[in-house]
Amino acid sequence: MERFKKVYGQGTFEVVEIWVDIETGVNYVFRRSGNAGGLTPLLDKEGKPVITP
């Protein structure tokens, strides 16, 4: 079983994706532009991680 599930994606060269850790429910934002990219937890307006039940 895969631990992460992609729930949103847009773009080809400049990519934005949202991934969910199916064990913890924590959402992550992945951003890529060309050869550079990064992954970070998705935070709500209070600075807490967004969790999908």
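Q: Why is Asp21 called buried in this predicted model?
A: Buried means under 20% relative accessible area. Asp21 has a relative accessible area of 3%. That value is under 20%, so Asp21 counts as buried.

Q: What makes the pair Arg3 and Asp21 a salt bridge?
A: The cut-off is a Lys or Arg side-chain nitrogen within 4 Å of a carboxyl oxygen of Asp or Glu. The side chains of Arg3 and Asp21 meet at 2.8 Å, N to O. That is within 4 Å, so the pair counts as a salt bridge.

Q: Which parts of the chain does the pair of Arg3 and Asp21 link?
A: The pair links distant parts, 18 residues apart. Arg3 is in the segment before strand 1, and Asp21 is in strand 2.

Q: Why is Glu23 called exposed?
A: Exposed means over 50%. Glu23 is at 60% relative accessibility, so Glu23 counts as exposed.

Q: What makes Glu17 and Lys6 a salt bridge?
A: The N to O distance between their side chains is 3.6 Å. That is within 4 Å, so the pair counts. Glu17 lies in strand 2 and Lys6 in strand 1, so the pair ties together parts that are eleven residues apart in sequence.

Q: Are Glu17 and Lys6 buried or partly exposed?
A: Glu17 is at 13% relative accessibility, under 20%, so Glu17 is buried. Lys6 is at 44%, between the limits, so Lys6 is partly exposed.

Q: How many salt bridges does a search of the whole structure find?
A: The search finds four.

Q: What makes the pair Glu17 and Trp19 a polar contact?
A: The limit for such a pair is 3.5 Å. The side chains of Glu17 and Trp19 are joined at 2.9 Å, so the distance passes.

Q: Which residues does Glu17 touch, not counting those up to four places away in sequence?
A: Glu17 touches Lys6, Tyr8, Gly9, Tyr28, Val29 and Phe30. Glu17 itself is found in strand 2, residues 14-21.

Q: Why is Phe4 called partly exposed?
A: Phe4 is at 40% relative accessibility. That falls between 20% and 50%, so Phe4 counts as partly exposed. Phe4 is found in strand 1, residues 4-10. Leaving aside neighbours within four places in sequence, Phe4 is in contact with Trp19, Val20, Asp21 and Tyr28.

Q: How do you know that strand 3 and strand 4 pair?
A: Pairing needs at least two bridges. Six bridges join strand 3 to strand 4 (residues 36-41), so the two strands pair. They run antiparallel. Tyr28 stands opposite Pro41 in strand 4.

Q: Which residue takes a positive phi in the hairpin of strand 3 and strand 4?
A: Gly34 does, with a phi near 65°. This hairpin has two residues between the strands.

Conventions: Residues are numbered from 1 along each chain as its sequence is written. This is a predicted model: local features need pLDDT of at least 70, side-chain atom pairs count only at pLDDT 80 or more; totals for chains, interfaces and linings use all residues. Side-chain values use heavy atoms; hydrogens and water are left out. Helices (H or I, at least four residues) and strands (E, at least two) are DSSP runs, numbered from the N terminus. A polar contact is a pair of N or O atoms within 3.5 Å; within protein, one must be able to donate a hydrogen and the other to accept it, and residues adjacent in sequence count only if both atoms are side-chain atoms. Contact means heavy atoms within 4.5 Å. Buried means under 20% relative accessible area, exposed over 50%, partly exposed in between (1.4 Å probe, protein chains only).
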